[in-house]
Amino acid sequence: MITVRDFYEEFNTYSQVVIDSRKVNSGDIFFAFSGENYNAATRAEEALEKGAMAVIVEDKSFENKSKNIFYVSSTLDFLQGMAAEHRRHIKVPVIGLTGSNGKTTTKELISAVLAKKFRVRHTQGNLNNHIGVPLTVLSIESADEIAVIEMGANHLGEIGLLCNISQPDFGYITNFGKAHLEGFGSMEGVIEGKSEMYLYLMNSQKYVWVNDQDDIQQEKTKGYKKKISFGKENSDYFFESFSSIHRIGISLEGGVQALSRLTGAYNFAHLSIAAAMGLYFGIDKKKIKAAIENYTPTNMRSQIIRKENKTILLDTYNANPSSMEASLKNFADFRGRKTIILGDMLELGIDSEKEHKAIFKMASKMGFDSIITVGEHFGKLNKYRAFGGTASLINYLRENPIISENVLIKGSRGIALEEIIDFV
């Protein structure tokens with residue numbers, strides 16, 4: 001059985017690493033990930049015909065070393081090991097990001113700012129798990145000058161694993177919120193799980209970025225010397241916020257102001273870390289301003305859509321009690337009539353009933369013109385406009401159009417509330 005080190009030394013001139021046989025091109029390495037009802041090793045020969053440099057399989061009957069088809073006991077372990085080996089060979093500074101909310105928005109803002117000076121490699125889409133992070137690491141090229149890697153987790157030990165693979169030189173945790181409670185077990189479990197990044201950075205004597213307005217971040221990094229802070233006047237970096245027509249902005253030194261296309265005060269911390277990192281890496285304030293102002297959220301995260309006489313706030317990529325509360329408070333400040341469409345918050349485990357009740361109770365007291373819910377958890381609480389799924393809501397909206405000028409659409413990814421956008 002071939003070792004990671006031997007394989008990397010022989011095939012480190014690969015074009016890219018792929019796990020989908022349909023996407024194989026010349027010079028690629030194909031990892032044949034199999035499912036319960038599918039043996040991807042059956043695609044090994046096809047991948048070679050498309051020009052694959054090598055294929056990794058975990059079905060020994062398909063091994064053919066003369067054709068560069070190699071058997072390993074676990075394609076996942078081998079992929080992660082190869083990524084760690086690649087990371088040891090590259091000298092690119094890596095910024096690691098995790099947190100309960102705002103990871104992807106923060107990653108994209110930081111990447112946009114840093115791209116004003118550097119060739120940046122960053123996590124594509126939401127490839128932030130035990131497979132996505134290795135693929136991102138393996139995509140880093142010698143010409144890249146900095147990498148920004150997003151790390152997601154829904155159980156203890158995962159962030160530690162991803163840090164050992166990506167070996168970040170800088171790290172930042174956006175926040176600690178009530179996300180993936182089913183996997184982490186409790187809010188304490190969330191804090192412990194996300195803080196695995198701090199443990200890696202401190203044990204490796206790497207740099208930790210800290211939002212001084214977050215008490216948990218301050219406590220977890222107390223006394224650590226290699227800390228870069230923002231958020232308060234005595235921090236290393238300090239910015240002030242402003243807003244205009246539902247959009248949040250950030251004031252830099254010297255009278256430079258950047259009005260983003262994001263909504264909500266909760267996004268100010270994301271703007272701040274992007275600006276702070278830009279300044280730290282020597283990027284001109286006017287270029288930071290341009291990067292922030294040109295960044296357009298198109299990923300169903302705090303996305304404002306103007307449609308005829310309506311302002312729609314689409315935030316359906318994910319939802320948990322922390323992000324739901326922030327979205328509701330922000331939306332309550334919109335002027336005019338307001339309708340909210342809330343989808344269930346998933347992966348809350350035994351806390352699901354309690355957390356849905358708390359959110360629905362809060363929403364009911366905020367003076368919205370109408371509350372529409374989708375999903376069984378909110379459906380048990382909503383006596384008026386409750387729907388089991390998006391299809392039934394769409395049928396309702398066809399006959400009962402929303403008349404409010406403002407509409408918030410917020411729910412977990414699994415509810416797929418974005419499907420209703422054409423009917424709002």
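This is a predicted model: local features need pLDDT of at least 70, side-chain atom pairs count only at pLDDT 80 or more; totals for chains, interfaces and linings use all residues.
Where is isoleucine 140 found? Let's start there. Residues are numbered from 1 along each chain as its sequence is written, and side-chain values use heavy atoms, with hydrogens and water left out.

Okay, so isoleucine 140 sits in the loop between helix 5 (132-139) and strand 7 (146-150); helices here are DSSP runs of H or I, at least four residues, and strands are E runs of at least two, numbered from the N terminus. At 4% relative accessibility, isoleucine 140 counts as buried, meaning under 20% relative accessible area with a 1.4 Å probe, protein chains only. Setting aside residues up to four places away in sequence, isoleucine 140 touches His86, Ile90, Val92, Arg121 and Ala147, where contact means heavy atoms within 4.5 Å. Its C-alpha is 9.9 Å from that of alanine 83, 57 residues apart along the chain.

Now, over to helix 1. The axes of helix 1 (residues 4-11) and helix 3 (residues 75-89) come within 10 Å and cross at roughly 60°; axes are lines fitted to C-alpha atoms over the stretch in contact, with angles from 0 to 180 degrees between N-to-C directions. The contact involves Val4, Arg5, Phe7 and Tyr8 of helix 1, and on helix 3 Phe78, Gly81, Met82, Glu85, His86 and His89.

And phenylalanine 7? Beyond its neighbours within four places in sequence, phenylalanine 7 is in contact with residues including Ile29, Ala54, Phe70 and Met82.

Definitions and conventions: Buried means under 20% relative accessible area, exposed over 50%, partly exposed in between (1.4 Å probe, protein chains only).
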